[in-house]
Amino acid sequence: MTVVIVKGLVGMARGVRERMVASAVNLLARRGLQATSFSEVLEHSGAPRGSVYHHFPAGKDQMIGSALDAAGDRAIGLLDQKAGAPAEEIAAWFLHIWREVLIRGKFEAGCAVLAVAVAADSPDLLDHTARVFRTWRKRLAELLEQGGLAAEDAARFAVVLVASSEGAVVLARAEQSLEPFDLVAEQLIEQVRVFSATDHPGARRS
């Protein structure tokens, strides 16, 4: 999702601050939190050095927080493109976005939000990542419920979908192969089909 997110952000990033935030998202996804420094962001974005403290007077955590917000919002925008679609299509779309991250990034890019979550030593940043993940889960659950799943199943599957996709991306990057991702995606699609059949109006639960 990150490559797709970054492309969308770059397209909207007309100002210096926006370019810096888009660059931070890109660097987080590819190099992780520790390597996403102000100097790296300035070089990547082409922003003037004086813009650092002008746009992020509170320091690096403020910039990282802005990057998390941008990545989170862009992901929600992508999900909303499938609003009203059946649950299976919602799940397939979410997986497709992540698969594109791997393909377009040549297995070098992952999730910017996860990169912060696993490396942050700041309680504020960790809480920030939690809010982004909760927002993704909540919106996925809403879309899955609109797509035919019972509310409880939609909420539970949304968690599984996010967590499994994140893990599958990590495995695929490590192995430099789509195979682990595709195996996980196949199981997830099968699971949402079972939920859809069970939750269909008139269906009888076993």
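This is a predicted model: local features need pLDDT of at least 70, side-chain atom pairs count only at pLDDT 80 or more; totals for chains, interfaces and linings use all residues.
Helices here are DSSP runs of H or I, at least four residues long, numbered from the N terminus.

Let's start with the overall fold. The protein chain has ten helices and zero strands. Read along the sequence, the pattern is α-α-α-α-α-α-α-α-α-α. There are 206 residues in the chain, and 48% of them count as buried. Now the contacts. Take those with a separation of 6 or more: 69% of them join residues 24 or more positions apart. As for the surface, the chain exposes about 10,100 Å². Carbon and sulfur atoms supply 53% of that area.

Next, confidence. The chain averages a pLDDT of 90, and 90% of the residues score at least 70.

On to the largest pocket. It holds about 170 Å³ of space. Which residues lie nearest its centre? They are G110, C111, L114, V170 and R173, out of 14 lining residues. Three helices each supply at least two residues of the lining: α2 (16-31), α7 (112-117) and α9 (151-175). By class, the lining has eight nonpolar, two polar and four charged residues.

Last, two backbone details. K106 has a positive phi of about 50 degrees, although it is not a glycine. Where does K106 sit? In the loop between α6 (87-104) and α7. Is K106 buried or exposed? K106 is exposed, with a relative accessible area of 63%.

The second case is Q176. Its phi is also positive, at about 55 degrees, and Q176 is not a glycine either. This residue is found in the loop between α9 and α10 (179-199). Q176 has a relative accessible area of 46%, so it counts as partly exposed.

To recap: ten helices and zero strands, a largest pocket lined by 14 residues, and a positive phi at K106 and at Q176.

Terms used: Residues are numbered from 1 along each chain as its sequence is written. Side-chain values use heavy atoms; hydrogens and water are left out. On a 1 Å grid over the protein atoms alone, a cavity is a set of points where a 1.4 Å probe fits but cannot get out, and a pocket is an open set with protein on both sides within 12 Å along at least five of seven lines; lining residues have an atom within 4 Å of a point. Grid points are joined across faces, edges and corners, and a volume is the space filled by probe spheres set on the points. Ala, Val, Leu, Ile, Met, Phe, Trp, Tyr, Cys and Pro count as nonpolar, Asp, Glu, Lys and Arg as charged, and the others, Gly among them, as polar. Buried means under 20% relative accessible area, exposed over 50%, partly exposed in between (1.4 Å probe, protein chains only). Contact means heavy atoms within 4.5 Å. Accessible areas come from the Shrake-Rupley method with a 1.4 Å probe; for residues, only the protein chains shown count as cover. pLDDT is the predictor's confidence in each residue, from 0 to 100.
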